[in-house]
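Okay, thanks everyone for coming. Let me put the structure up, and then I'll walk you through it.

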Amino acid sequence: MNCQIARQTLELFRPVENSAANLGEAEQHVNDCLDCQEAVGVRQQVDLRIGRVCRDVNVPVGLKDRLLTELAAAAAVETSEASQSAALVKSSENVVSPQSGTSVQPAVGTRRRWLLRSLVAAGVALTGIGGAWILIRPPAPTIVLKDVTKQVLESAPETMVPFQGFRGSVALQLPTTMDTSNLNGAALQQLNARDVAVYSFTIRDGAGRPVNGRLIVIPLAAVIDLPSTTSFLAVQPRYNPPYCTTTWVEKGKGLVYVCCVKGDEHLLQKLLPRPV
Amino acid sequence: MDQSASKLADLVERYYALLYRYAYRLTGCVADAEDLTQHAFLTAHAKWNQLQDETKAKSWLFTIARNAYLKELRGPACVVTATLDEFPAPAPESGTADFDGEQLQNVLNSLPEEFRSPVILFYFEEFSYKEIAEQMNVPVGTIMSRLARAKAYLRQRLTAAPRPAAVAHRRPAASLSGSGSISRTVPHVRAP
């Protein structure tokens with residue numbers, strides 16, 4: 001190994017790094033070469049001096065505090081911007097230009113979006129309310145009492161089925177102001193798309209001949225022309241030959257009663273409650 | 001964000017003085033060095049998510065500072081061109097090592113940045129060759145070559161030459177590159 005290679009090898013040797021492959025050979029050369037010993041010695045002294053002077057830089061007083069202050073300010077600004085950006089994004093989400101893919105005029109977009117959402121919400125609410133009203137609203141009354149007698153008495157008995165009960169909360173109850181001991185079982189009949197309960201009964205006229213009659217029980221809500229009477233035969237029965245009919249409402253039952261016989265009002269009087 | 005701010009504050013505590021000294025030796029100017037140090041930490045704050053290995057935070061900070069120096073502080077007006085012909089002949093390795101910080105800074109200022117940065121980092125004794133090479137983004141062999149030449153240049157200028165005049169550092173320095181011309185900075189020098 002010559003002097004140049006030995007000095008170059010030692011030049012970049014650092015104890016912390018195994019960077020010199022031929023360090024042992026170079027050290028041996030330097031030990032044997034007075035010129036290299038002098039040169040390497042001078043070089044080491046100069047390097048030590050350069051290192052000390054290079055590191056000897058006065059740091060300005062307060063620099064650390066200024067740096068920390070600047071960083072804190074930057075963090076505060078970033079946090080503020082992040083929160084503003086989050087609020088902006090939250091308020092302008094989906095308001096995106098189809099061409100550019102960037103948010104466009106968030107304030108205007110927000111107003112439009114608010115209006116659109118309000119309209120949609122109102123529409124949904126109205127639809128819901130309307131639907132619910134359709135589902136829960138009581139059906140409109142469809143039955144005219146003056147026509148009931150003819151409709152029921154002219155219907156064929158074989159078309160009727162046993163009555164099971166009214167739809168909704170109305171319960172079938174017999175009148176208390178009329179003698180119901182002669183009533184047969186109730187049958188269901190549809191009048192103007194509404195269910196009514198029809199009882200048949202038979203009474204005897206003065207000659208002892210059987211006379212058929214009907215007691216029709218109708219939910220109050222299904223009747224258009226509600227009667228003002230509240231008991232059987234409280235007023236003069238209506239006689240439309242050959243039928244005699246009386247109608248009344250009994251308080252607390254929610255039902256309209258129609259009693260009719262093929263005959264005059266004297267036959268109806270046979271249906272007055274018997275004294276106990 | 002609080003965690004990164006805390007870690008960055010810890011980095012400030014540990015490395016602000018070292019980074020400032022490097023910035024000063026790099027720029028030769030107190031004001032520029034302070035600006036560069038602040039810029040490096042603010043950039044680190046802004047790009048904290050890009051730091052993949054926190055054990056390399058020190059090297060990362062120094063890389064940021066150097067990149068900022070190259071990008072922000074080295075303006076076109078400061079760039080001069082020197083040729084290989086201006087490089088003085090090597091001096092014998094003899095003489096006395098009697099120089100102060102200003103003289104060292106003058107000689108450092110005369111070095112092109114690609115030689116100045118590694119030699120500063122070498123004398124700081126804070127980074128391995130590999131770490132210096134990574135900061136400079138060049139192979140380790142290139143760094144060792146540049147270091148050998150830069151160290152020889154410093155020794156030659158600081159031991160053989162007489163005490164330089166006050167304006168000597170403004171003279172364009174010789175190129176240490178292999179051939180052709182190079183661009184380098186001539187920053188304004190103030191006392192630290």
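Here's one to start with: which residues in helix 5 of chain B are buried? Keep in mind that what you're looking at is a predicted model. The buried ones are B:Phe115, B:Arg116, B:Ser117, B:Pro118, B:Val119, B:Ile120, B:Leu121, B:Phe122 and B:Tyr123. That's 9 of the 12 residues in the helix, so helix 5 of chain B is mostly covered. The geometry of this helix works out too: it covers residues 113–124, and at 1.5 Å a residue its 12 residues should span 16 Å.

As background, most residues other than glycine have a negative phi, and most peptide bonds are trans. B:Asn137 isn't a glycine, yet its phi is positive, about 60°. You'll find B:Asn137 in the loop between helix 6 (129–136) and helix 7 (140–160) of chain B. Is B:Asn137 buried or exposed? Exposed, because B:Asn137 has 10 C-beta neighbours inside 10 Å, and 12 or fewer is the cut-off for that.

Over in chain A there's another asparagine of this kind. A:Asn192 has a positive phi of about 50°, again without being a glycine. This one is in the loop between strand 2 (186–191) and strand 3 (194–204) of chain A. A:Asn192 has 14 C-beta neighbours inside 10 Å, so it counts as partly exposed.

And then the peptide bond to look at: A:Pro241 and A:Pro242 are joined in cis, with omega at about 5°. A:Pro242 lies in the loop between strand 5 (238–240) and strand 6 (243–250) of chain A.

Let's step back to chain A as a whole. Chain A has 7 helices and 7 strands, and along the sequence the pattern goes α-α-α-α-α-α-β-β-β-β-β-β-β-α. Of its 276 residues, 20% are buried. If you take contacts in chain A between residues at least 6 apart in sequence, 53% of them join residues at least 24 apart.

Now the sheet. In chain A, 7 strands make an open, antiparallel sheet in the order 1-2-3-4-7-6-5. Strand 1 (161–162) and strand 5 of chain A are the edges, each pairing on one side only. Strand 1 of chain A is held to strand 2 of chain A by 2 bridges, with the two running antiparallel. In one of these pairings, A:Pro162 has A:Ala187 in strand 2 of chain A as its bridge partner. Helix 6 (residues 145–153) of chain A packs on the sheet, where it touches strand 2, strand 3, strand 4 (210–219), strand 6 and strand 7 (255–262) of chain A. The direction of helix 6 of chain A makes about 55° with that of strand 7 of chain A.

So, how do the chains meet? The contact takes 33 residues from chain A and 40 residues from chain B. On the chain A side, helix 1 (3–11), helix 3 (34–55) and helix 4 (63–92) each supply at least two residues. Helix 3 of chain A gives the most, with 12 residues. By class, the chain A side has 17 nonpolar, 6 polar and 10 charged residues.

Last, a word on confidence. Chain A averages a pLDDT of 81, and 86% of the residues score at least 70. Over residues 95–109 of chain A, though, the pLDDT is below 50. Beyond near neighbours in sequence, that stretch has 16 contacts in the model.

Methods
Residues are numbered from 1 along each chain as its sequence is written. Chains are lettered from A and ligands numbered from 1 in the order in which they are written. This is a predicted model: local features need pLDDT of at least 70, side-chain atom pairs count only at pLDDT 80 or more; totals for chains, interfaces and linings use all residues. Two residues are in contact if their C-beta atoms, placed from the backbone, lie within 7 Å. Helices (H or I, at least four residues) and strands (E, at least two) are DSSP runs, numbered from the N terminus. Ala, Val, Leu, Ile, Met, Phe, Trp, Tyr, Cys and Pro count as nonpolar, Asp, Glu, Lys and Arg as charged, and the others, Gly among them, as polar. pLDDT is the predictor's confidence in each residue, from 0 to 100. The expected span of a helix is 1.5 Å times one less than its number of residues. Two strands pair if DSSP finds at least two bridges between them. Axes are lines fitted to C-alpha atoms, for helices over the stretch in contact, and angles run from 0 to 180 degrees between N-to-C directions.
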